[in-house]
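Let's take a walk through this protein together, one piece at a time.

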Amino acid sequence: MGTKTAYSEKTLYDYQLQDLNKIFGVLEESPTDVNLLYQLPTGGGKTVVFSEIAKRYIAETGKKVVVLTHRIELSLQTSRMLEGFGVHNKIINSEVKELPDEESYQCFVAMVETLNNRLQERAIELHGIGMVIIDEAHYNSFRKLFKYFEKAVILGVTATPLSSNIKLPMKDHYKKLIVGESIASLISKKFLARANMYNYDVSLKSLKLGVNGDYTVRSSDALYTNQLMLGKLVSAYEELAKGTKTLIFNNGISTSKYVYELFKKAGYPIRHLDNKNTATERRDILDWFSNTPDAILTSVSILTTGFDEPSVKTIILNRATRSLTLYFQMIGRGSRILKDKEEFTVVDLGNNIARFGPWDDPLDWQEIFHFPDFYLENIRNDEEIEREFVYVMPDELRERFKNSDVIDMDIKLAYKEAFANGRKSKEVLEESIEQHARICVENSADIYDARILAKMLQEEIHFRIKQYSYCIMNNTQNYRDWLQEDYERRLRLRVSQLYASRL
């Protein structure tokens, strides 16, 4: 697992220590008011690193440090971590109206809005601040505070050095980016769990983009509460996640509540959490989730930061996003390692893996930091993703068809051959139905068993229908829905005929 170096009551891993030395090396060569950005993946221990930075900086310069966070939970976690490093600190939250004991502290942990209000009102004046550390620095709410600390070093810390607002690139506010260990490296060194990633074929044509550049809650709710998508979610859970501690991320509260009702009705242990829950309710729900081995928690974006539950085994992205930061944050919630957990499952129902690439793929963060417009303009669009999607039957389902030599069929190739030979295009679907019926019969003990297998092919049928509709240039949703219903009806009929011919 790599060597640890002891500091006070807390310890740093070797890669964290390397980053720490790199940061102090840059600080030594830079003016005392430089703005630096440090990138380290979720789960890499950013709070540990910047707590040691604060400790060392205070010891070496005698100046004070302010740590800025945007959530109350993060303030508390950060304050506790700093105390663990021997850095005595005070939290500036909404209850703190003034600071008569300012001289007693070398470090302050502050909520952005609260500190901004107090500084504006001149209720608080912080003296002798040499460094401001900004946690989750990709958020833009921090920038309004920069003017109060013009003579201090600003150190932004983030897993994704890409601004949450495309109009405010991070390179305009930070002089240099220091890149930490990669996800792949942290996995190979056993600091993060390995992700087994599965993506389902979904059509996002109905989604609308909002002013912030991401999909709107309203259009997401409309898509993800329809029966097809809810059915797909339950099938995906039962196929890949059943019995594991599961986090489901949604874009809207309405979707999350639908998901809650659906799973509850099916008899699964599930709770729903959103930002309207009180602090007590939230604690109760998270305690239940922590202590229930097969618990399912459906939520909106509230659990993307400041939430740490290492026993999570499955992450379901029941939403699409165009935010790289959000993509990494959601998956990162499952990446914590435990002695009996070296891998976790990611189920994608929003084409996110196709849009951004696998979670542990290398990314050139320097290029993204320096040329964010270029990166954002080249994110793959939904139509292209949909056209290039290739369905791969899950191993568990494939095992159900082990008596058959040929399970797959390339619809595009079959269409090309039919077209070249002057045959009608609908014959391609007939061949597909025949092949599906045959493998259902070959792998079942009776007709009821065969019908169950035919039902399990729904996802593959959906993919074949989509490929066929691209070939014949009729890709309207209504036509595809009709084709799918007709296909499934004819498949049931053909399964019955093949069984009858056996008797």
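Start with helix α10, which spans residues 324-332 and is mostly covered: nine of its nine residues are buried. If you want to pick them out, the buried residues are Leu-324, Thr-325, Leu-326, Tyr-327, Phe-328, Gln-329, Met-330, Ile-331 and Gly-332. Keep in mind that what you're looking at is a predicted model.

Now zoom out. The protein chain has 503 residues, and 54% of them count as buried. Taken along the principal axes, the C-alpha atoms fill a box of roughly 90 × 45 × 45 Å. How do the contacts run along the sequence? Among those between residues at least 6 apart in sequence, 74% join residues at least 24 apart.

Next, head for a pair of helices, α19 (residues 458-471) and α20 (residues 477-502). Two packed helices are described by the angle between their axes and by how far apart those axes are. Here the angle is about 130 degrees, and the axes of α19 and α20 are 10 Å apart. Angles of 65 to 115 degrees count as roughly perpendicular and those over 145 as roughly antiparallel, so α19 and α20 are oblique to each other. As for handedness, α19 passes α20 in a right-handed crossing.

Which residues do the touching? On the α19 side they are Gln-458, Ile-461, His-462, Arg-464, Ile-465, Lys-466, Tyr-468, Ser-469 and Tyr-470, and they meet Tyr-479, Arg-480, Leu-483, Gln-484, Tyr-487, Glu-488 and Leu-491 in α20. Sort the residues of this contact between α19 and α20 by type and you get eight nonpolar, four polar and four charged.

Helix α19 has another partner to show you. Helix α16 (residues 411-420) packs with α19 at an angle of about 40 degrees, with their axes 9 Å apart. That angle makes α16 oblique to α19. The crossing of α16 with α19 is right-handed. In this contact, Ile-411, Lys-412 and Tyr-415 of α16 meet Arg-464, Gln-467, Tyr-468 and Cys-471 of α19. The residues of the contact between α16 and α19 divide into four nonpolar, one polar and two charged. Look back and you'll spot Arg-464 and Tyr-468 among the α19 residues that meet α20, and both turn up in the contact with α16 too.

Now for the cysteines. A disulfide is a covalent bond between the sulfur atoms of two cysteines. How many disulfides are there here? With sulfur atoms required to be within 2.5 Å, the count comes to zero. Is Cys-107 buried or exposed? Cys-107 has a relative accessible area of 0%, so it is buried. Cys-440 is buried as well, with a relative accessible area of 0%.

Two more residues are worth a stop. Asp-449 sits in helix α18 (residues 447-456). At 24% relative accessibility, Asp-449 counts as partly exposed, because buried means under 20% and exposed means over 50%. Setting aside its neighbours within four places in sequence, Asp-449 is in contact with Arg-400, Asn-443 and Ser-444.

Finally, find Asn-21 in helix α1 (residues 14-29). Its relative accessibility is 40%, so Asn-21 counts as partly exposed.

Notes. Residues numbered from 1 in each chain as written. Predicted model: local features only at pLDDT ≥ 70, side-chain atom pairs only at ≥ 80, totals over all residues. Heavy atoms only, no water. Axes fitted to C-alpha atoms, helices over the stretch in contact; angles between N-to-C directions. Helix = DSSP H or I, 4+ residues; strand = E, 2+ residues; numbered from the N terminus. Parallel < 35°, antiparallel > 145°, perpendicular 65-115°, else oblique. Left-handed = near helix turned anticlockwise from the far one by under 90°. Contact = heavy atoms within 4.5 Å. Nonpolar A, V, L, I, M, F, W, Y, C, P; charged D, E, K, R; others polar. Buried < 20%, exposed > 50% of the residue type's maximum accessible area, 1.4 Å probe, protein only.
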